[in-house]
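Please look through the structure below before reading on. The paragraphs after it take a few parts of the model in turn.

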Amino acid sequence: MQPIRSKEEFLVFGSPLIEEEEIQEVVHSLKTCWLGTGPKVARFEEDFKQYKNIPYAIAVNSCTAALHLSLIAADIGPGDEVITTPLTFCATVNAIIHAGATPVLVDVEEDTFNINPELIEKKITPRTKAILPVHFAGRPCEMDPILEIAQKYGLKIIEDCAHAIEAKYKDKPCGTFGDFGCFSFYVTKNIITGEGGMVITPHQELAKRIKILALHGMSADAWRRFSDEGYKHYLVIEAGFKYNMMDLQAAIGIHQLKRVEKYWEKRKEVWEKYLEAFQNLPLTLPAPFPSYLKPSYHLFTILVDEQKTHISRDAFLEQMTFHNIGVGVHYLSLPEHPYYQKTFGWRPEDYPVAAKIGRQTLSLPLSAKLTARDIEDVILAVKTILEQAKCQ
Ligand SMILES: *Cc1c(COP(=O)(O)O)cnc(C)c1O
């Protein structure tokens, strides 16, 4: 059997669309020799604040850093517990661990793959300090019940919006529900800076503290210490981190952000083509969105249930790769990983919904860069693999 695409045409999963404006902007940064944190970072923060209609935004070098700093600014540390989902990237819980706190998992919903609000209260203890919802694949979590619980128990809300830059819940942008919203501009995300992240917050003092913590804990003026305003002594007021974003990264982000809704439209089209093409196949497709949600279409996930498809998820992954189409797994549930088993005694069977999804899920390419032919190839590959499995 011939692969659907040749090796030379391998479709890289999550490959970003990079256009001429950001290329020129990066070249401009290189030519002016201003690579580090400077005016382009400031502009990216301003643009992001406007986009989210929020008073404070701090650009950092990853969403992981954004989460870590948010937790610290929320005064979460040793002895505290933070409730989150088992179906997320490891960075979500690693940030909690690095803040010194203990992550506590609450299983997800079967259809939305998001944290199940009905199970949260059972996991709340006197040590619980925050809920950290992840808007999985860009589908907003059910924020009303989550906010209600947070209010009832006096908990902070820190949103992991790595998948959810464009997403809205009842017309309110994701990232603006609680104390902090954390975004990622990693290469596979909806808009990119290579590595990069952003924290948004309505709190002035906490925003100031995050800015300081992101650059070694040096007093705010340090951000301007390399400018032409004359030498400024910096004073260290906290043991901070090296989490600042570079102008070289912001140079990309400024132009990507201008196209965020255009790229969203493009992925929405791909999403709808997939839905239509796969509707009669023995796969579980993403659940429909209620009208009060604006999803960000970050991951198109299918569930491969071997009972129905006669092929395992892992064999499916291999077949897609054979056809030279890159795919992803988002995610094996966190309790599958040895470190968390050892450290927290987590077991997959204690989070059965997340475990099942993690063992059956597969993400298809969903990038603004996909051509009509790329989309056709993905569809043909999925259909061909299922057809073959049926005959075996
Ligand atoms: C990508 C991702 C992160 C981490 O983002 P980085 O910018 O790579 O640090 C965190 N949470 C989720 C859900 C992600 O998908």
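Which residues in helix 3 meet which residues in helix 4? The model shown here is predicted. On the side of helix 3, the residues in this contact are Thr 64, Leu 67, His 68 and Leu 71. Their partners in helix 4 are Ala 91, Thr 92, Ala 95, Ile 96 and His 98. By type, the residues of this contact are five nonpolar and four polar, with no charged residue among them.

The geometry of the pair can be described next. Helix 3 covers residues 63–73, and helix 4 covers residues 90–98. The two helices pack at an angle of about 35°, and their axes are 9 Å apart. Their crossing is right-handed.

The ligand comes next. Around the ligand stand 16 residues. Thr 64, Asp 160, His 163, Ser 184 and Lys 189 are the closest of these. Thr 64 also belongs to the contact between helix 3 and helix 4 described above. Sorted by type, the shell around the ligand holds seven nonpolar residues, seven polar residues and two charged ones.

For Cys 63, a polar backbone atom is 2.8 Å from an oxygen atom of the ligand. His 163 uses its side chain, where a polar atom lies 2.8 Å from a ligand oxygen atom. In the side chain of Ser 184, an N or O atom is 2.7 Å from an oxygen atom of the ligand.

How much of the ligand's accessible area does the protein cover? On its own the ligand has 380 Å² of accessible area, and the protein covers 93% of it. Helix 3 and helix 4 are the elements that give two or more residues to the shell around the ligand.

Two details of the backbone remain, each in a loop. One concerns Phe 113, in the loop between strand 3 (102–105) and helix 5 (117–120). Phe 113 has a phi near 65°, which is a positive value in a residue other than glycine. The other concerns Tyr 331, in the loop between helix 11 (313–322) and helix 12 (338–344). The peptide bond that leads from His 330 to Tyr 331 is cis, and its omega is near -5°.

Key: Residues are numbered from 1 along each chain as its sequence is written. This is a predicted model: local features need pLDDT of at least 70, side-chain atom pairs count only at pLDDT 80 or more; totals for chains, interfaces and linings use all residues. Side-chain values use heavy atoms; hydrogens and water are left out. Axes are lines fitted to C-alpha atoms, for helices over the stretch in contact, and angles run from 0 to 180 degrees between N-to-C directions. Helices (H or I, at least four residues) and strands (E, at least two) are DSSP runs, numbered from the N terminus. A crossing is left-handed if the near helix is turned anticlockwise from the far one by less than a right angle, and right-handed if clockwise. Contact means heavy atoms within 4.5 Å. Ala, Val, Leu, Ile, Met, Phe, Trp, Tyr, Cys and Pro count as nonpolar, Asp, Glu, Lys and Arg as charged, and the others, Gly among them, as polar. A residue is near a molecule or strand if one of its heavy atoms lies within 4 Å of it. A polar contact is a pair of N or O atoms within 3.5 Å; within protein, one must be able to donate a hydrogen and the other to accept it, and residues adjacent in sequence count only if both atoms are side-chain atoms. Accessible areas come from the Shrake-Rupley method with a 1.4 Å probe; for residues, only the protein chains shown count as cover.
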